[in-house]
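Me: I am new to this structure. Please walk me through how to read it, one feature at a time.

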Amino acid sequence: MDVVHLNQKQLAARWGISEATLERWRSVGIGPKFLKLCGRVAYRQVDIEAHEESCLQISTSQSVATQVRAG
């Protein structure tokens with residue numbers, strides 16, 4: 001199985017956010033898990049998708065995860 005990685009620029013483009021936002025998120029410990037290899041940051045596709053899944057909402061006041069637990 002091939003592991004797919006995105007760099008900071010690619011992830012910023014995917015989500016339509018700035019690279020600075022990803023940098024800030026890393027510094028405060030939010031956002032998807034990331035790898036730091038030889039000074040370069042990489043995001044695994046599986047971690048990006050897991051983070052996206054955790055952000056799913058069914059309303060402005062309730063996340064999908066909350067709905068599943070309550071279900």
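Me: Which elements have the lowest and the highest mean pLDDT?

Reply: pLDDT is the predictor's confidence in each residue, from 0 to 100. Helix H4 (residues 64–70) has the lowest mean among the elements, at 58. H1 has the highest, at 98. Where pLDDT is low, the predicted coordinates should not be read in detail. For the protein, the mean is 89, and 89% of the residues reach 70 or more.

Me: What are the ground rules?

Reply: This is a predicted model, so local features need pLDDT of at least 70 and side-chain atom pairs count only at 80 or more, while totals for chains, interfaces and linings use all residues. Residues are numbered from 1 along each chain as its sequence is written, and side-chain values use heavy atoms, leaving out hydrogens and water.

Me: How are helices and strands named?

Reply: They are DSSP runs, numbered from the N terminus: helices are H or I with at least four residues, strands are E with at least two.

Me: What is the order of the strands in the sheet?

Reply: Strands of a sheet pair through backbone hydrogen bonds, either parallel or antiparallel. Two strands pair here if DSSP finds at least two bridges between them. The sheet is open, has three strands in the order S1-S3-S2, and its pairing is antiparallel. S1 (5–7) and S2 (35–37) are the edge strands, each pairing on one side only. From one strand to the next, the twist averages 40 degrees.

Me: How many bridges join S2 and S3?

Reply: Three, with S3 covering residues 40–44. Leu-35 stands opposite Ala-42 in S3.

Me: Which helix lies across S1 and S3?

Reply: Helix H3 (residues 45–54) does, running at about 65 degrees to S3. Axes are lines fitted to C-alpha atoms, for helices over the stretch in contact (heavy atoms within 4.5 Å). Angles run from 0 to 180 degrees between N-to-C directions.

Me: How many salt bridges are there?

Reply: A salt bridge puts a side-chain nitrogen of Lys or Arg within 4 Å of a carboxyl oxygen of Asp or Glu. The count comes to two. One joins Arg-14 and Glu-52, with the closest N and O atoms 2.9 Å apart. Arg-14 is in helix H1 (residues 8–15) and Glu-52 in helix H3, so this pair links distant parts of the chain, 38 residues apart. Asp-47 and Arg-44 also form a salt bridge, at 2.7 Å from N to O.

Me: How many aromatic pairs does the search find?

Reply: Rings of Phe, Tyr and Trp (its six-membered ring) pair if their centres lie within 6.5 Å; planes under 30 degrees apart are stacked, over 60 edge-to-face, the rest tilted. The search of the whole structure finds two pairs. Trp-15 and Trp-25 have ring centres 6.2 Å apart and planes at 50 degrees, so they are tilted. Trp-15 lies in helix H1 and Trp-25 in helix H2 (residues 19–28), so the pair ties together parts 10 residues apart in sequence. Phe-34 and Tyr-43 are also tilted, with centres 6.3 Å apart and planes at 55 degrees. Phe-34 is partly exposed at 36%, whereas Tyr-43 is buried at 1%.

Technical notes
Buried < 20%, exposed > 50% of the residue type's maximum accessible area, 1.4 Å probe, protein only.
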